[in-house]
Amino acid sequence: MKITLPIHNLEKHPVSHIDIPPGELGDISSSGTTAVISDIHGNLEALDAVLEDIDSLGVENLVSLGDQVGYGADPERVIQRLIIRNATCLMGNHELALLDDHCLGTFNPGAAQAVRMHRKLLSEESMNFIRTLPRSIVKHGARFVHGLPPGSILEYVSLTPDKKLMRIMAILKQTMSFTGHTHLMMWFELTEILNNPEDISQSRIGSKLSLNNLKRESFNAATSRPLTLRKTRRYLVNSGSVGQPRDGDWRAKYLIWNRDRGIILPRYVPYDNLTAAGKIKKRGLPGHFAEKLLYG
Ligand SMILES: [Fe+2]
């Protein structure tokens, strides 16, 4: 069976497609696959398109890295979808702001307006679900967190100095970590693995590793090439945003991690962004949240 992947195209709906030989992707429908989604931000149309894509590929596990709410028009229906799917969900900074006025106070006025509105739109069942969300989890041998491993909701991997990032990756028990929060699809690779890193102090790790050991790269939307994982290296992978893009590409983005094959496949999913943007405007939320859905 040939699987077609969409080519990024800002102007046309729907986008065109290119063919990828099936061997490129590995056996997506095998056991050991996990869909990693993040930053849905109340965008029901984007989430539904992504869930449909996940189902069409037979992916068995679903992890959502937080920021299920915020910015968008449909926080309640998004949370209910995830509850019904029995998805593993994490706490993002927008969930934290729902629960914590101090965190809300750090938001810009538009984002705070959306959080206040979402407090009114969310049912008691959904709010109770949100209250239980963990800051990070370890599952399938990998660490999952919204911001920065091991457990930060608020810090951005993209703004973390390389030296700090390298140290974090070096001492984590897990060789794989997934994060969201940046709304960017990128990955970091640590090319050197230390023996017994837990026995080495933070300051000495700096002397054992050079900044040349840390590679940083973005997934390529034009080729949709998978990342091939090497067993002798460590990875920190940023999954991009399902529902509020910040990379110039309007499509919903997520990752499929095939543990058996050791690959991570980026997915770029067209969806009805006009409807989603129209709903944001109808709610009276800031117009630039809607414009982001149209232009990325
Ligand atoms: Fe976010």
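Ser-224 is partly exposed, with 19 other C-beta atoms within 10 Å, and this residue of the predicted model adopts a positive phi of about 55 degrees although it is not a glycine. Ser-224 belongs to the loop between strand S10 (214–218) and S11. Asn-86 is placed in the loop between H3 and S5, and because it has 8 C-beta neighbours inside 10 Å, it counts as exposed. A further backbone feature is found at Pro-149 and Pro-150, which are joined by a cis peptide bond with omega of about 5 degrees; Pro-150 lies in the loop between strand S7 (142–145) and helix H8 (162–171).

The secondary structure of the protein chain amounts to 11 helices and 14 strands, and 43% of its 296 residues count as buried. When contacts between residues at least 6 apart in sequence are considered, 74% of them join residues at least 24 apart.

Six of the strands are arranged in an open sheet with mixed pairing, in the order S5-S4-S3-S13-S14-S11. S5 and strand S11 (227–228) stand at its edges with a single partner strand each, so that one side of each is left without a neighbour in the sheet. Within this sheet, strand S13 (residues 252–258) is mostly covered, 7 of its 7 residues being buried. In a regular strand the side chains alternate between the two faces of the sheet. In S13, Ala-252, Tyr-254, Ile-256 and Asn-258 point one way, whereas Lys-253, Leu-255 and Trp-257 point the other way, and all of these residues are buried.

The pairing of S13 involves S3 and S14. With strand S3 (residues 33–37), S13 pairs in the antiparallel sense over 4 bridges, and Val-36 is found opposite Leu-255 of S13. With strand S14 (residues 263–269), S13 is joined by 7 bridges, the two strands running antiparallel, and here Asn-258 stands opposite Ile-263 in S14. The hairpin formed by S13 and S14 has 4 residues between the strands, and in this hairpin Gly-262 takes a positive phi near 65 degrees. S14 is in turn connected to S11 by 2 bridges in an antiparallel arrangement, in which Leu-227 stands opposite Ile-264 of S14.

Strand S9 (residues 185–190) is joined to S10 by 5 bridges, with the two strands running antiparallel, and Leu-190 stands opposite Leu-214 in S10.

Among the helices, H3 (residues 75–84) contains the buried residues Pro-75, Val-78, Ile-79 and Leu-82. Viewed down the axis of H3, these buried residues fall within an arc of 95 degrees, so they line one face of the helix. An α-helix has 3.6 residues a turn, so residues three or four places apart point the same way. The buried residues of H3 pack against helix H2 (44–56), strand S4 (61–64), strand S5 (88–89), helix H6 (109–121) and helix H7 (124–131). H3 is followed by Asn-86, the residue with a positive phi near 55 degrees.

Two packed helices are described by the angle between their axes and the distance between the axes. For helix H10 (residues 273–283) and helix H11 (residues 287–295), the axes come within 8 Å and cross at roughly 180 degrees; H10 and H11 are therefore roughly antiparallel to each other. In this contact, Asn-273, Ala-276, Ala-277, Ile-280 and Lys-281 of H10 meet Gly-287, Phe-289, Ala-290, Leu-293 and Leu-294 of H11. The residues of the contact of H10 with H11 divide into 7 nonpolar, 2 polar and 1 charged.

Technical notes
Residues numbered from 1 in each chain as written. Predicted model: local features only at pLDDT ≥ 70, side-chain atom pairs only at ≥ 80, totals over all residues. Buried ≥ 20, exposed ≤ 12 C-beta atoms within 10 Å, placed from the backbone. Arc of directions from axis to C-beta. Contact = placed C-beta atoms within 7 Å. Pairing = 2+ DSSP bridges. Axes fitted to C-alpha atoms, helices over the stretch in contact; angles between N-to-C directions. Parallel < 35°, antiparallel > 145°, perpendicular 65-115°, else oblique. Nonpolar A, V, L, I, M, F, W, Y, C, P; charged D, E, K, R; others polar.
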